[in-house]
Structure formats: structure tokens, C-alpha cells
Amino acid sequence: MTLLFQMVIPLIIALVALYAMTRRVDVYSALVQGAGEGLGVLIKIVPAMIALLTAVYMLRASGVLEALGQLLAPLLTKLGVPPETVGLLLVRPVSGNAALGVGAELITAYGPDSAIGRTAAVMLGSTETTFYTIAVYFGAAGVNRSRYALPAALCADVAAFLAAAWAVRVCFG
């Protein structure tokens, strides 16, 4: 059974290549062309990624995230969200790497089976790096105005954070 799971991706790639060859497609040229287009997209999105990561690390190092956490703690408590997760709430929409770091710190500090550790894990799995995603996809597509995409995505993040805290309370007490 394990061998079958290990072979799924290579089999899919082989089947796609065989199908393309039956359609008389030059598979190698198509692969090289696709890789070239991928590098073009990478060149377009790297500046936005660098700017976002720099901003996150500056906010974290300056103590702004910690101050915001203390400010939001009373509201979060009323909503049933552990106040200790505020750093995760603020960082997750901006940077996945920083959010994983915050989540790992929470799990290390409070334990993986604690309400805070479980809530952090569910939040990491149920939310998106909104600003990064919008910057990458809109930058790659050449979209200059996001209009309602950002507010809608941030509302979805808030709903996911609240749902994560609720789900952990319901499932684990």
C-alpha cells in the first residue's frame, strides 16, 4: 500500500506525458516553456513578497504586535478566542512563515494538547495569508485594483479565526 502512495505523483506525471505524446505535443518543449513562464511570474511577485516579509519582521521586532495583543485581549476574551493567540491573528493574514513561527511558539509554550495550542493549530489550518495571496495572484495577473477582494478575504479570515476557537471549544471542551 505504501509503495502505491509513493508512486501516485510519478504515475500521474507519466500518464500526462503519455497523453500529450499521443496528441503529438512536444512534452519537453512544453515543460521548458512552462518553466520559463513560471520564472516570469516569480520575478513579478518577489518584490511584493520581500516587502511583506520585511513589514512583518519589523512589526514583530518593534513590539507593535505585542502592544496590539494587549489592547485586543479584552475583546478576544469576550468572543471566546484565547488572548494568547492575538499574535497569530495579526500575523497570519500577512505572512505564513511568521504565522508558523508564532504558532510554534504558542504550542511550545502551552503544549499541543492545550486549548491555546489546539486553537493555534486550527487557526493555522483554516486561514489564509491574505495579503500575500492577493499580492501574488493579483501581481501575476496584472490586476492593479483589488476592489472588494481584500475586505472580503479579511472578513473570511475573521470568520475562520472565530470558527476555529469555537470548534476547539466544542470538540475539546
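Arg 118 is partly exposed in the predicted model, with a relative accessibility of 23%. The side chain of Arg 118 meets that of Asp 113 in a salt bridge, with an N to O distance of 3.6 Å. Asp 113, in turn, is exposed, its relative accessible area being 59%. A search of the whole structure returns 1 salt bridge.

The secondary structure of the chain consists of 8 helices and 0 strands, and the order of elements along the sequence is accordingly α-α-α-α-α-α-α-α. The overall dimensions were computed for the 173 residues of the chain. The radius of gyration is 21 Å, whereas a compact globule of 173 residues would have a value near 16 Å. Along the principal axes, the C-alpha atoms fill a box of roughly 65 × 45 × 30 Å. Of the 173 residues, 26% are buried. The accessible surface amounts to about 11,300 Å², and carbon and sulfur atoms contribute 71% of this area.

The largest nonpolar core comprises 20 residues. Within this core, the residues with the most contacts are Val 81, Leu 88, Leu 89, Val 91, Leu 106 and Met 123. At least two core residues are supplied by each of the helices α3 (64–79), α4 (86–91), α5 (96–110), α6 (115–126) and α8 (149–172). For Val 91, when neighbours within four places in sequence are set aside, contacts are found with Val 56, Leu 65, Ala 98 and Ala 99.

A nonpolar surface patch of about 700 Å² is formed by Leu 4, Phe 5, Val 8, Ile 9, Ile 12, Ile 13 and Val 16. One of these residues, Leu 4, lies in helix α1, which spans residues 2–22.

Arg 24 is not a glycine, yet its phi is positive, at about 60 degrees. The residue is exposed, and the relative accessible area of Arg 24 is 79%.

Methods:
Residues numbered from 1 in each chain as written. Predicted model: local features only at pLDDT ≥ 70, side-chain atom pairs only at ≥ 80, totals over all residues. Heavy atoms only, no water. Patch = residues over 30% accessible without salt bridge, like charges linked within 9 Å, V, L, I, M, F, W, Y side chains within 5 Å. Areas by Shrake-Rupley, 256 points an atom, 1.4 Å probe, with all protein chains shown as cover. Salt bridge = Lys/Arg side-chain N within 4 Å of Asp/Glu carboxyl O. Helix = DSSP H or I, 4+ residues; strand = E, 2+ residues; numbered from the N terminus. Core = buried A, V, L, I, M, F, W, Y, C linked by side-chain atoms within 4.5 Å. Buried < 20%, exposed > 50% of the residue type's maximum accessible area, 1.4 Å probe, protein only. Contact = heavy atoms within 4.5 Å. Rg over C-alpha atoms; globule rule 2.2 N^0.38 Å.
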